Amino acid sequence: MLASATAVARSCPAASATAQTAQTETTRPRETDPTGEYAVGLTYQGQAITVTLQLAKDGSGAWTGRILADQVPPIPLYDVRRAGDTFTASLTSPDGAAVVMEFTITGDDVNGQFKAASGDGSPMTGKRIKG
């Protein structure tokens, strides 16, 4: 059977292209849905902390999110953008500093960094906890 399929593919370029497309689609890894919550460790003002990063899509399909941390109200993310597995987002920290985050989500892992206009910043790493 395989020999006859190979013969057909050789004699019919369209069949060959279709077979290659089907093979590529079945072997291509599925894109991870990053919607959910992540426990993320980072250093802020010299202190190691763990925050919860929440990511979701709103009704229009735009990415939204927020940061949850002890002893501060939820911090909304704005200008959340996705390019493949990489996200960028902005927020205003509790001390009023503008912060930009850039992180990649691979499976259940988050890796990236944040940088505050005040000069503070650190790597950020974490794992999905919900979603």
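**A close look at the salt bridges**

Modeller: Happy to! Let's begin with Lys127, which in this predicted model is partly exposed, with a relative accessible area of 49%. Its side chain meets that of Asp109 in a salt bridge, at 2.5 Å from N to O. Lys127 belongs to strand E8 and Asp109 to strand E7, so the pair ties together parts that are 18 residues apart in sequence. Asp109 is partly exposed too, at 29%.

In general, side chains of opposite charge can pair when their charged atoms come close. Arg128 and Asp108 also form a salt bridge, with 2.8 Å from N to O. This pair links distant parts of the chain, 20 residues apart: Arg128 sits in E8, while Asp108 is in the loop between strand E6 (98–106) and strand E7 (109–116). Arg128 is buried, because its relative accessible area of 16% falls under the 20% cut-off. Asp108, at 43%, is partly exposed.

The whole structure has three salt bridges. Another of them joins Asp79 to Arg81, whose closest N and O atoms are 2.8 Å apart. Here Arg81 counts as exposed at 52%, and Asp79 as partly exposed at 43%.

Now for the setting. Eight strands, E1 to E8, form a closed barrel with antiparallel pairing, and the twist from one strand to the next averages 30°. E8 (residues 121–130) runs antiparallel to E1, joined by five bridges; there, Glu37 has Lys130 as its bridge partner.

Conventions. Residues are numbered from 1 along each chain as its sequence is written. This is a predicted model: local features need pLDDT of at least 70, side-chain atom pairs count only at pLDDT 80 or more; totals for chains, interfaces and linings use all residues. Side-chain values use heavy atoms; hydrogens and water are left out. Two strands pair if DSSP finds at least two bridges between them. Helices (H or I, at least four residues) and strands (E, at least two) are DSSP runs, numbered from the N terminus. Axes are lines fitted to C-alpha atoms, for helices over the stretch in contact, and angles run from 0 to 180 degrees between N-to-C directions. A salt bridge is a side-chain nitrogen of Lys or Arg within 4 Å of a carboxyl oxygen of Asp or Glu. Buried means under 20% relative accessible area, exposed over 50%, partly exposed in between (1.4 Å probe, protein chains only).
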